[in-house]
Amino acid sequence: MKNQIENIINWNKIAGNNDFNKHLEASMLSEEFAETIIAIKNKDKIEVLDWVIDMFVIGTGMLHKLWFTSEQISKAMDLIMDNNYSKFQYDEKWSHICIKDENWKILKPEWFTPVDLKDLV
């Protein structure tokens, strides 16, 4: 993943996209999100893949423009995914169990602790 992050950062440098512009970044994310919703409704897997990856690229570029290094971004992704895994509960066979609400959102167990990213800032 770190190579993809560095590739996104390098692409932005080559393109001269080095400064954060909240209006531009929000506009790009909004556009990609709207296109993704349309692609999902149309069951267009190629466009969904393209636009979701574009949102990842835009988001990663935003993080770098807001002073985060590729190492910080990569570490944050690792910490957040580890934290997401901590939402799972286990049965007596140590199989993963996901308790979900009526909207299919995974519910956090009572022992869940939010991810701590302070050391990365």
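Phenylalanine 33 lies in helix α2, which covers residues 22-41. Helices here are DSSP runs of H or I with at least four residues, strands are runs of E with at least two, and both are numbered from the N terminus. The model is predicted: local features need pLDDT of at least 70, side-chain atom pairs count only at pLDDT 80 or more, and totals for chains, interfaces and linings use all residues. Residues are numbered from 1 along each chain as its sequence is written, and side-chain values use heavy atoms, with hydrogens and water left out.

Phenylalanine 33 counts as partly exposed, at 48% relative accessibility. Buried means under 20% relative accessible area, exposed over 50%, and partly exposed in between (1.4 Å probe, protein chains only).

Threonine 36 is buried, with a relative accessible area of 4%. Beyond its neighbours within four places in sequence, threonine 36 is in contact (heavy atoms within 4.5 Å) with Val48, Trp51, Val52 and Met55.

Helix α3 has 21 residues. From first C-alpha to last, α3 reaches 30 Å, close to the 30 Å expected at 1.5 Å a residue. That expected span is 1.5 Å times one less than the number of residues. Buried residues of α3 include Trp51, Met55 and Ile58. The buried residues of α3 pack against α1 (2-15), α2 and α4 (70-85). Just after α3, tryptophan 67 takes a positive phi of about 85 degrees.

Two salt bridges are counted, each a side-chain nitrogen of Lys or Arg within 4 Å of a carboxyl oxygen of Asp or Glu. Glutamate 25 pairs with lysine 65, with the closest N and O atoms 2.9 Å apart. Glutamate 25 lies in α2 and lysine 65 in α3, so the pair ties together parts 40 residues apart in sequence. Both residues, glutamate 25 and lysine 65, are buried. Aspartate 116 and lysine 118 form a salt bridge at 3.8 Å, N to O. Aspartate 116 is partly exposed at 45%, and lysine 118 is exposed at 65%.

The protein chain averages a pLDDT (the predictor's confidence in each residue, from 0 to 100) of 92.
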